[in-house]
Each structure stands twice: as structure tokens, then as C-alpha cells.
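Okay, thanks for coming, everyone.

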Amino acid sequence: MRSTLIALLAFVAVFLLAAPAQSADRDSLRKPCATPAVTQAIVDQRTAELGETGKSMWIVQDMSVSHPKLWGVIAAKNIVWVAETAGCGFLRSLVDHEWAHLQQDRKYPGRADAAYGGMDEVEIIADCVAKEFGNPDYSPYLKLRGSGCTEYEKQSARSLIELR
Ligand SMILES: [Zn+2]
């Protein structure tokens, strides 16, 4: 009985110590998954939800040499690389953003840049797709611009989602 009580108190103490440290960590979104395998599982789950099974290939891998500044990249037609060091917290946003690029090319094959008026807008609309899916945690290009999605951008994002 006494040992159970001691174990319970120890558990509560550990929880109390751990909880504030975690909630205070503003960078927790950027923390990598525990292992690359976990990252691949999350990516596979989200791409299946998006209906990509059998349509595209998503490979979680070390991108530190090939694309050191990117978390995700369209490596070839319907092949997407995701950095194994991508933060667990924004992995869903990241997949949605890269998926938007696949959809942009499906809607405007080989001419998405021209259709949207340049690469900047292509990236912004990909961020807007992630936002339309309810992912507020990661939108690097909107952050860079310093403003949210315009009505036109929201509409463009919705049309890519409806294209599924
Ligand atoms: Zn992008």
C-alpha cells in the first residue's frame, strides 16, 4: 500500500515537473519526430486522407545535403520528399502544402507559375490550402509576406481541394 502511494506521488511529481517545461516550449512544433519511421507514418496517414494512395509517392528522407533549407520538395512528377527532421507539430501542414503543389500542377499542367502569376503566388496559395484544411501552425510564405490569404487566394485554395 505504501509503495503504491510512493509510486503515485512520484508519478505526480514527474508530471508536474514535465508539464510546464513542455507548454513553455514555443519551438515544440519544430521538434523532429522521435524517429524517421514515425515521420513516415504520419505522412502516410495524411496522404491517404488526401486520396493520394497510388497517385503519388511520398518519401521521408535526409534532405540536409540535397535541400538543406527545405522541409519538403516536389522531387519529380508525383514524387514528394519530406525532410526526416521536419517537426512533428507541423508535419500535417507541410504535407498539405506540398500536396497543394501536386494539385496546382494537375489543374495547370506545367504552367502553374504562369496561371497564378508567379512562384510567390504559387507558394502563398499552397500555404492557403493548408490553412483551409485548418492547419494554422505552419505557413512560411504567408509569414514571410506578413499577411493572411486574400479572398482570391482562399478561393484558389478551395478549388484545389475540390479537385480531389
Ligand atoms: Zn511550396
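I'll start with the ground rules and then go through those topics in turn.

This is a predicted model, where local features need pLDDT of at least 70, side-chain atom pairs count only at pLDDT 80 or more, and totals for chains, interfaces and linings use all residues. Residue numbers run from 1 along each chain as its sequence is written.

So, the helices, which are DSSP runs of H or I with at least four residues, numbered from the N terminus, while strands are E runs of at least two. Helix α3, residues 91-107, and helix α5, residues 119-132, have axes that come within 8 Å and cross at roughly 125°. Axes here are lines fitted to C-alpha atoms over the stretch in contact, with angles from 0 to 180 degrees between N-to-C directions. That makes α3 and α5 oblique; under 35 degrees would be roughly parallel, over 145 roughly antiparallel, and 65 to 115 roughly perpendicular.

Now the core: a set of buried Ala, Val, Leu, Ile, Met, Phe, Trp, Tyr and Cys residues joined through C-beta atoms within 7 Å. The largest one has 28 residues, and V82, L94, I125 and V129 have the most contacts inside it. α5 gives the most to this core, seven residues.

Last one: N78 sits in the loop between β2 (72-76) and β3. N78 isn't a glycine, yet its phi is positive, about 60°. It's partly exposed, with 14 other C-beta atoms within 10 Å; 20 or more would be buried, 12 or fewer exposed, with C-beta atoms placed from the backbone.
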